[in-house]
Amino acid sequence: MIAKTTTKSLRSIPKVRDSISFVYVERCRIEQDAKAIAVLQEDGRYIIPCASLTTLMLGPGTAITHAAIKNLADGLCSVQWVGEDGLRFYASGSHPSSSVERLYHQAKLWADPVQHMEVVRRMYSFRFPEPLKEGLTLEQIRGLEGVRVRTVYSRLSKETGVNWKGRSYKLKEWECADPVNRALSVANTCLYAVCQAALNAVGYSTALGFIHIGKPLSFVYDVADLYKTEITIPVAFKAAAELMPNFESRTRQLCREKFVEHRLMQRIIDDVDAILGFRATQEESSPVGSLWDNEKGAVEGGVSYGEELDEEMSV
């Protein structure tokens with residue numbers, strides 16, 4: 001039941017997390033309001049212009065009308081159904097005219113062995129405070145990464161007093177794992193959801209990974225690894241050190257705080273764009289796609305080329 005119908009500014013909406021063009025809402029009803037959408041919560045009614053959004057994230061307890069979805073689609077805004085505070089990713093919907101520039105760029109890098117290797121090196125380099133030495137093999141880089149991560153585990157174990165015996169996790173033996181390993185699994189799951197939501201929102205493929213391969217979320221795992229030593233590993237050790245009865249819930253709470261503190265959603269997009277060397281070239285997607293051409297690369301779609309053929313044959 002809506003207690004009030006007063007309209008307030010977007011800045012004052014409670015439980016809405018706005019990260020540039022991302023807005024998260026929960027426990028509300030969303031309706032059409034002219035060319036915008038109206039968010040109805042117990043303490044008021046809030047108007048959000050669809051044109052100002054890239055992605056609307058719908059959390060638990062959200063109901064949305066067909067007319068509101070149409071407004072969002074007309075405004076080229078994608079919609080995601082997520083868990084509380086975006087810590088789970090369930091499904092998404094986007095406008096058919098959404099840009100595919102990032103997807104094409106990613107696919108070209110992924111398919112070219114030389115450029116693929118360059119991206120792998122940049123993704124590993126991103127994790128180190130100092131540039132990697134020239135001439136290192138991929139095996140040597142993986143070895144350095146292993147040392148870096150083990151050093152982080154060792155340092156946090158000493159700082160928090162949590163005993164660290166190594167990473168050990170089996171889904172079917174969840175209760176057998178020690179608290180810090182369970183906290184790591186919970187925290188990483190939250191991180192994967194945020195990474196998936198960010199990549200999906202701007203059009204990257206979650207399957208075309210550069211370091212990880214062969215899974216539908218390979219690129220999600222690539223991107224998540226950029227932030228684990230900064231965010232999820234410290235969170236897991238802190239949660240394990242507190243050892244509260246509901247420490248798994250506490251782990252998710254700490255993740256939420258860290259994600260907001262680091263403005264992670266927007267950081268992911270900026271960092272991935274930089275690593276892949278992506279720069280947007282088109283301001284707006286055409287509602288009509290192009291046609292592949294073996295000589296010209298692409299020709300205009302939505303055109304009857306039969307008329308040209310008729311003219312050529314009549315000459």
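Helices and strands here are runs assigned by DSSP and numbered from the N terminus. With that in hand, let's look at a few spots in this predicted model.

**Two loop residues with positive phi**

Most residues other than glycine have a negative phi. Alanine 34 has a positive one, near 55 degrees, and sits in the loop that links β4 (28–33) and β5 (36–41). Arginine 263 also has a positive phi, near 45 degrees, and its place is the loop between α8 (247–261) and α9 (264–276). Here are their accessibilities:

| Residue | Relative accessible area | Class |
|---|---|---|
| Alanine 34 | 62% | exposed |
| Arginine 263 | 43% | partly exposed |

Why does alanine 34 count as exposed? Because its relative accessible area is 62%, and the exposed class covers values over 50%.

**A pair of packed helices**

Two packed helices are described by the angle between their axes and the distance between the axes. For helix α4 (residues 138–160) and helix α7 (residues 228–242), the angle is about 30 degrees and the axes lie 10 Å apart. Angles under 35 degrees count as roughly parallel, so α4 and α7 are roughly parallel to each other. Their crossing is right-handed.

Which residues meet where α4 and α7 pack? From α4 come Arg148, Val149, Val152, Tyr153, Leu156, Ser157 and Thr160, and from α7 come Thr229, Ile233, Pro234, Phe237 and Ala241. By type, the residues of this contact divide into eight nonpolar, three polar and one charged.

Terms used: Residues are numbered from 1 along each chain as its sequence is written. This is a predicted model: local features need pLDDT of at least 70, side-chain atom pairs count only at pLDDT 80 or more; totals for chains, interfaces and linings use all residues. Side-chain values use heavy atoms; hydrogens and water are left out. Axes are lines fitted to C-alpha atoms, for helices over the stretch in contact, and angles run from 0 to 180 degrees between N-to-C directions. Helices (H or I, at least four residues) and strands (E, at least two) are DSSP runs, numbered from the N terminus. Angles under 35 degrees count as roughly parallel, over 145 as roughly antiparallel, 65 to 115 as roughly perpendicular and the rest as oblique. A crossing is left-handed if the near helix is turned anticlockwise from the far one by less than a right angle, and right-handed if clockwise. Contact means heavy atoms within 4.5 Å. Ala, Val, Leu, Ile, Met, Phe, Trp, Tyr, Cys and Pro count as nonpolar, Asp, Glu, Lys and Arg as charged, and the others, Gly among them, as polar. Buried means under 20% relative accessible area, exposed over 50%, partly exposed in between (1.4 Å probe, protein chains only).
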